[in-house]
Structure formats: C-alpha cells, structure tokens
Amino acid sequence: RTKIVFQSFWLWTFALVMFGFVGFVLSLRQGLYRYQFAQFTWIAMTLVFIVAQGSLQVFNMMQGLIWFLLPATCVIINDIAAYIVGKSYGRTKLLKLSPKKTVEGFIGACLFTLIWGFWFAGFCAKFQRLTCPKIDFVSAMECPVDPLFAFTTYELPSWVSQLSLGRYQTLEVCPVQWHALAIAAYASLLAPFGGFFASGLKRAFKLKDFGVLIPGHGGMTDRMDCQIITGMFTFVYLSWIRSAPAVCNGLVEITQRAL
C-alpha cells in the first residue's frame with residue numbers, strides 16, 4: 001500500500017496543491033482581499049524558494065556531496081570576499097538597493113571565488129565520500145572513479161619551476177575543476193542577486209531582517225539568501241553535463257528506499 005502511494009506521489013502532490021488553491025479562493029472575504037493575497041504570496045514564495053530549492057539540493061547531494069559543498073562554499077567565499085574587498089577598496093556603489101555593496105567588492109569577490117572553486121573542487125575530488133553518488137542511506141561510499149574526478153598531470157612552464165625553486169614542476173587537474181569555474185562564476189555574478197532580491201523584499205515589507213537567530217546578522221534566511229538560486233543552477237548544470245541517467249530519480253525514490 002505504501003508503494004502504491006509513492007508511485008502516485010506527483011498525482012497526490014498536485015491534488016493537494018489544487019485542493020489548497022480552491023480552498024483559498026473559497027475563503028476570500030470582502031475587505032480582507034489585500035491581506036489574504038499577501039499571505040498567499042508568502043506561501044507561494046516559500047514553496048518556490050525553500051521547498052522546491054530544498055528538493056533540488058537533496059538531489060544534488062545524492063549525486064555526490066561535492067555538488068552541495070562546492071556551490072554552497074562558493075557563495076560563502078563570495079560573500080566574505082565582497083565584504084573584505086569592499087571595505088578595503090570599495091569606492092563605487094553597485095546598487096541603490098544595497099548601498100553597502102560596491103563594484104570593487106563585486107569584482108574582487110568574483111576573482112577570489114573563481115580561485116576557491118577551482119582549488120576546492122580538486123580537493124574534494126580526492127575523496128570518494130564526497131564524489132560517490134548515493135541512492136540510499138546505508139550502502140558503502142564506494143564507486144568506480146568517475147571521469148569527472150580523474151586527475152591528469154600537466155607540466156608547468158619552466159619559469160614557474162624556476163620561480164618556485166623547483167618545487168612546482170607539474171600540476172594535477174581533473175575535469176570537475178573546469179566545471180567548478182562555471183559554478184564559481186555563477187555564484188559570483190548571479191547568485192548575489194538572490195541577496196539583492198531578499199533586500200528588496202525586506203524593504204517592501206519594512207523589515208530589517210527575516211529573523212533574530214544570529215545576533216547582528218538576522219536569521220538563517222538572511223544568511224542563505226544568495227543560496228536561493230544556486231541549488232537550482234547546480235541541478236540544471238548537473239543535468240546538462242551528465243551524459244548518463246542520474247543515479248537517483250529524486251525524493252520519491254529516496255523515500256521508498258529509506259522505508
């Protein structure tokens with residue numbers, strides 16, 4: 001019986017969504033339209049930016065923890081670097097929406113994030129626990145080496161060897177590091193707009209922060225605003241670069257195997 005329920009997962013999901021939609025329309029009352037539609041908007045945004053995003057993050061993690069850690073840390077490094085570079089060298093305002101953001105901080109953060117993404121992807125590629133896909137919660141973290149994580153040795157120019165006193169003569173690089181540059185570029189150039197979007201939303205509702213969990217920083221939503229669209233991009237990018245079918249079909253299959 002449980003198997004039948006999960007086989008009809010999307011049907012049940014759609015039915016519940018439509019049930020809620022019809023219930024909302026039937027609940028509309030004159031004089032409360034503005035308030036009711038404001039609440040409906042909050043619910044819809046929560047579903048799109050948290051529930052849907054969370055589902056895609058689970059899918060990314062099941063393809064290998066690297067696909068969660070890499071974009072997440074790129075966003076974190078970008079945020080930190082933008083703050084440090086902006087504080088040190090920032091002169092030109094980037095957006096009126098976020099007056100503390102500067103063009104210098106934006107560009108400097110992009111450079112640091114690209115360097116971080118390239119290095120961190122190579123670091124993670126050395127550990128099977130971070131690269132092996134998972135389809136359940138109990139199997140061993142072992143798998144054949146994916147070509148994405150296979151290292152190739154390149155000889156460095158002679159002047160590099162001379163400058164490093166012979167310490168660096170070769171460089172090991174794996175394909176995932178080049179893909180990491182694309183994810184890092186996205187985290188630098190487009191992910192910050194998730195934060196700008198959150199800033200505009202807070203100003204629209206005259207809020208300083210979304211929460212008070214972290215003193216001086218707000219809540220978890222304030223810290224994760226730039227992550228809103230990063231998980232979605234990683235999911236789309238993974239679907240594009242993976243030539244073979246995904247190891248895990250998503251939350252339905254994960255839940256079935258867990259049960």
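The legends below describe close-up views of a predicted model.

**View 1. The disulfide between C132 and C143.** The structure holds one disulfide, which joins C132 to C143 with an S to S distance of 2.1 Å. Both cysteines lie in the loop between α6 and β1, so the pair ties together parts that are eleven residues apart in sequence. Because the torsion about the S-S bond of C132 and C143 is about -90°, the disulfide is left-handed. The two partners can also be described by their accessibility: C132 is buried, with a relative accessible area of 2%, whereas C143 is partly exposed, at 22%.

**View 2. The cysteines C74 and C124.** For C74, the closest cysteine sulfur is that of C124, and the 9.9 Å between these two sulfurs is too far for a bond. The sulfur of C124, in turn, has its closest cysteine sulfur in C174, at 9.8 Å, which is again too far for a bond. C74 is buried, with a relative accessible area of 0%, and C124 likewise counts as buried, at 1% relative accessibility.

**View 3. K134 in the loop between α6 and β1.** The loop that holds K134 runs between α6 (128–131) and β1 (152–155). K134 has a relative accessible area of 12% and is therefore buried, the cut-off being under 20%. From K134 to F59 the C-alpha to C-alpha distance is 9.7 Å, although these residues are 75 residues apart in sequence.

**View 4. Aromatic rings of helix α5, centred on W116.** The model has a count of 14 aromatic pairs. In one of them, W116 and W119, the ring centres are 5.5 Å apart and the planes stand at 50°, so the pair is tilted. W116 and W119 are three residues apart in helix α5 (residues 103–124), and are thus separated by about one helical turn; W116 is partly exposed, with a relative accessible area of 23%, and W119 is partly exposed, with 47%. The rings of W116 and F120 have their centres 4.9 Å apart and their planes at 15°, so this pair is stacked. W116 and F120 are four residues apart in helix α5, again a separation of about one helical turn, and F120 is buried, with a relative accessible area of 10%. Ring pairs link W116, W119 and F120 with F123 and F127 into a cluster.

**View 5. A nonpolar surface patch that includes V17.** The patch on the surface is formed by F14, V17, M18, F21, V22, V25 and L26, which together have about 660 Å² of accessible area. One of these residues, V17, has its place in helix α2 (residues 9–27).

Methods: Residues are numbered from 1 along each chain as its sequence is written. This is a predicted model: local features need pLDDT of at least 70, side-chain atom pairs count only at pLDDT 80 or more; totals for chains, interfaces and linings use all residues. Side-chain values use heavy atoms; hydrogens and water are left out. Helices (H or I, at least four residues) and strands (E, at least two) are DSSP runs, numbered from the N terminus. Buried means under 20% relative accessible area, exposed over 50%, partly exposed in between (1.4 Å probe, protein chains only). A disulfide is a pair of cysteine sulfur atoms within 2.5 Å. Patches are made of residues with over 30% relative accessible area and no salt bridge: like charges are joined within 9 Å, nonpolar side chains (Val, Leu, Ile, Met, Phe, Trp, Tyr) within 5 Å. Accessible areas come from the Shrake-Rupley method with a 1.4 Å probe; for residues, only the protein chains shown count as cover. A salt bridge is a side-chain nitrogen of Lys or Arg within 4 Å of a carboxyl oxygen of Asp or Glu. Rings of Phe, Tyr and Trp (its six-membered ring) pair if their centres lie within 6.5 Å; planes under 30 degrees apart count as stacked, over 60 as edge-to-face and the rest as tilted.
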